[in-house]
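My notes follow in the order I took them.

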Amino acid sequence: MIIATAGHVDHGKTTLIRALTGVDTDRLPEEKKRGLSIDLGFAYLPHPAAEYCTLGFIDVPGHEKFVRNMIAGVGAVDLALLIVAADDGPMPQTREHLAILQLLGVKRLIVVVTKTDLVEETALQQVKAALKELLSTSPYSQATFFSVSAETPASTDNLRTHLLDLAVQHARQSASGYFRLAIDRCFSVTGAGTVVTGTVLSGTVKTDDTLQLLSSGASVRVRGIRAQDTEATVAAGGQRCALNITGSSLRNSAPKRGDWLTANPLLEVTAAIDVHLSVVGSGKSYAADANPRSARKPFRHWTSGHLHLATASTTCRVALLNGDELPPGQSALARIYCDKPIAAVTGDRFVLRDQSAKVTIAGGSVIDPLPPGRGRSQDARLRLLAAMHNSDPALALSETLSLSSAGIDLNRFIATANCTHEELSYICKQQQVVSCQSGGQSGGQWWGVGQEQWRLLQDNLLAALETWHQSQPLLLGASPEQLQKHTKPGLSEAVLQTALQALIACDKVVRQGAIYRCKGWTSALDDTHETHWSKLSQHLQSAGLVAPRVVEIAALLDCPSEEVLKLMNTYVAHGRLYRVSANRYYLPETLQQLATMAEALAQQDNLTVAAYRDQSAIGRNLVIELLEFFDRMQFTRRNGQHRSILQPAIEVFATEG
Ligand code: GDP
Ligand code: MG
């Protein structure tokens, strides 16, 4: 984003840029000597978190002799800072620069009152009032005000943060999001191979990038780019471009008009989209001229037609989500069922034509391209869609979070809003969203919960655990799976795990093996349990790495198998045993030993079924059961023949003393 300064000479423009960026833009010797800016100065401030969001400042001279240079600088700016000294108030060049900014069509203005250290509060208020008066007849009557002083460096912090946020918003409109190109043509060029052309809807692409062809999921590599009709190494949102692509899959299926090329790893095609639908109005509208009869009719639930979205089109049916018909000129929430899968992201515009594809009957914007199946509360769904209906992902996120007591799936948000992972992380950090992850960095779950919802969620979880204790007085506590079933609304694994960790950290919940219980809760096992346990634990210890089957234990304890199973599950609930499979239960210390062995093999990149069997001298079937149990415990993850360690054994199988 390019930002220009404007304002009278000596009002503190150059000083402010230096305070914001650390760069002195008075670089000409004569400028230094005379202490005033003659020519344009440039300073850049990279965004600490988001790529392509660098702030570029053009420091323009304020002296009346140099207004020509000021105009040259303001040609392509997105935002201007009108700088006014508190001890001087609006002066001639303040007014002149303001007029020039308007003539050049600069859309946005921020007023910065400098040198606040030189005046009393009442004088400051007077200057602000004078400026408001001055701006009231300009397009900038709603401009935001900031007050700063070079004597207090921290006074520029708010302004800097505000500008960086604007830069993210701005970049989001142009180069933000994952790269997405709507293909309108595809052809072969001798010597070059496949070329597709289209408009870049978001993001940027560089030569050698890998992209996904959405219809087939095939990977392609970008060999060459022409952007806006010139050879380029990068193309960005808003540009038309031609991409020369290669990939083994292109031989079997050539890309077609209507397909997408994207860098979003989570984008999917869909058969239904939830939209904000506006019916073409009556009166002088296009449809009224073309087809007076259809235009006067209300839009009915389950109307069929042709959907046009970017370069794709398909026949479809439209279900109104609230009501049976919609009068001309009105808008409502609707679900479009497509006869052919399409791809879309939140905010994409579409047009709906009638069955003959001759008359435009409606249009609108996509809200949720991956809607859930039916069967949920209609009211809640409508509220959620209204919250999601926002062109600014940051606002959509905060609105949606405030309605989602169990949090929202952030990976799904990446797929629907086409925010990049980094952009979403940044928004989450800004909004203090509680980030919940499970199953490792990539490929795992990523959920977010709003601050207020997070407190309630933990209270509910604790209450659920207390209720569990009341109803199961013999058990030591509950497993995550049991808790998941007993909390409403149901929590995702990532949210549940993170909430349990938080409750442990604040000393309200205790974990023992795979079992969680409220701090202070105790449950005594009765005498029979203890008698059986002393026999059983000895037996398990002497059995070593190969745990006895349930039938063997039944014989040992002289109990029917069903009784033994109940007994074993009680011990599991007390954290005394782990259930590895239907037939095998292990002592925590034995599992520790087995897990350490797995860790050692993984260190040599050799954690396979065969290697583990050789190392442990356990039969192949039991080895498979054990390794799958490790996967379920999120101790290991399987990638083909090999497994890798996700977290240290000591953490997964830790037992509180
Ligand atoms: P420009 O002509 O608008 O670029 O103004 P400069 O940044 O060159 O500042 C003009 C003079 O005002 C310099 O001597 C600065 O040191 C001084 N100045 C700038 N900001 C402040 C401030 O906040 N407080 C005080 N006391 N002096 C300031
Ligand atoms: Mg200056």
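**Entry 1: H11 and H12**

I began with the handedness of one helix pair: H11 and H12 cross in a right-handed sense. The model is a predicted one. I then looked up the geometry. H11 covers residues 410-417 and H12 covers residues 421-430. Their angle is about 120°, and the axes lie 10 Å apart. Angles from 65 to 115 degrees would count as roughly perpendicular. H11 and H12 are therefore oblique to each other.

Next I listed the contact residues. H11 supplies Leu 410, Phe 413 and Ile 414. H12 supplies His 421, Leu 424 and Cys 428. I sorted the residues of this H11–H12 contact by type: five are nonpolar, one is polar and none is charged.

**Entry 2: H19 and H20**

I moved on to H19 and its packing against H20, residues 609-616. I read an angle of about 125° and an axis separation of 11 Å. That makes H19 oblique to H20. The crossing of H19 with H20 is right-handed.

From H19, I noted Leu 594, Ala 595, Met 597, Ala 598 and Leu 601 in the contact. From H20, I noted Ala 611, Tyr 612, Gln 615 and Ser 616. The H19–H20 contact residues split into seven nonpolar and two polar, with no charged ones.

**Entry 3: H19 and H21**

I stayed with H19, residues 588-603, and checked it against H21, residues 620-632. Here the angle is about 90° and the axes are 12 Å apart. H19 and H21 are therefore roughly perpendicular to each other.

On the H19 side, I found Leu 591, Leu 594, Ala 595 and Ala 598 making the contact. On the H21 side, I found Leu 626, Phe 629 and Phe 630. My tally for H19 with H21 is seven nonpolar residues, no polar and no charged.

**Entry 4: Ligand 1**

Which residues come nearest to ligand 1? I counted 13 residues around ligand 1. Asp 10, Lys 13, Thr 14, Thr 15 and Ala 150 come nearest.

I then looked up backbone distances to oxygen atoms of the ligand. For Ala 150, a polar backbone atom is 2.6 Å from an oxygen of ligand 1. For Asp 10, I got 2.8 Å from a polar backbone atom to a ligand oxygen. For His 11, a backbone N or O atom lies 3.3 Å from an oxygen of ligand 1.

**Entry 5: Pro 473**

Where does Pro 473 sit? I placed Pro 473 in the loop between H13 (451-471) and H14 (480-486). Setting aside neighbours within four places in sequence, I found Pro 473 in contact with Trp 521 and Ser 523. I also checked Ala 524, which is 51 residues away along the chain from Pro 473. The C-alpha atoms of Pro 473 and Ala 524 are 8.7 Å apart.

Technical notes
Residues are numbered from 1 along each chain as its sequence is written. Chains are lettered from A and ligands numbered from 1 in the order in which they are written. This is a predicted model: local features need pLDDT of at least 70, side-chain atom pairs count only at pLDDT 80 or more; totals for chains, interfaces and linings use all residues. Side-chain values use heavy atoms; hydrogens and water are left out. Axes are lines fitted to C-alpha atoms, for helices over the stretch in contact, and angles run from 0 to 180 degrees between N-to-C directions. Helices (H or I, at least four residues) and strands (E, at least two) are DSSP runs, numbered from the N terminus. Angles under 35 degrees count as roughly parallel, over 145 as roughly antiparallel, 65 to 115 as roughly perpendicular and the rest as oblique. A crossing is left-handed if the near helix is turned anticlockwise from the far one by less than a right angle, and right-handed if clockwise. Contact means heavy atoms within 4.5 Å. Ala, Val, Leu, Ile, Met, Phe, Trp, Tyr, Cys and Pro count as nonpolar, Asp, Glu, Lys and Arg as charged, and the others, Gly among them, as polar. A residue is near a molecule or strand if one of its heavy atoms lies within 4 Å of it. A polar contact is a pair of N or O atoms within 3.5 Å; within protein, one must be able to donate a hydrogen and the other to accept it, and residues adjacent in sequence count only if both atoms are side-chain atoms.
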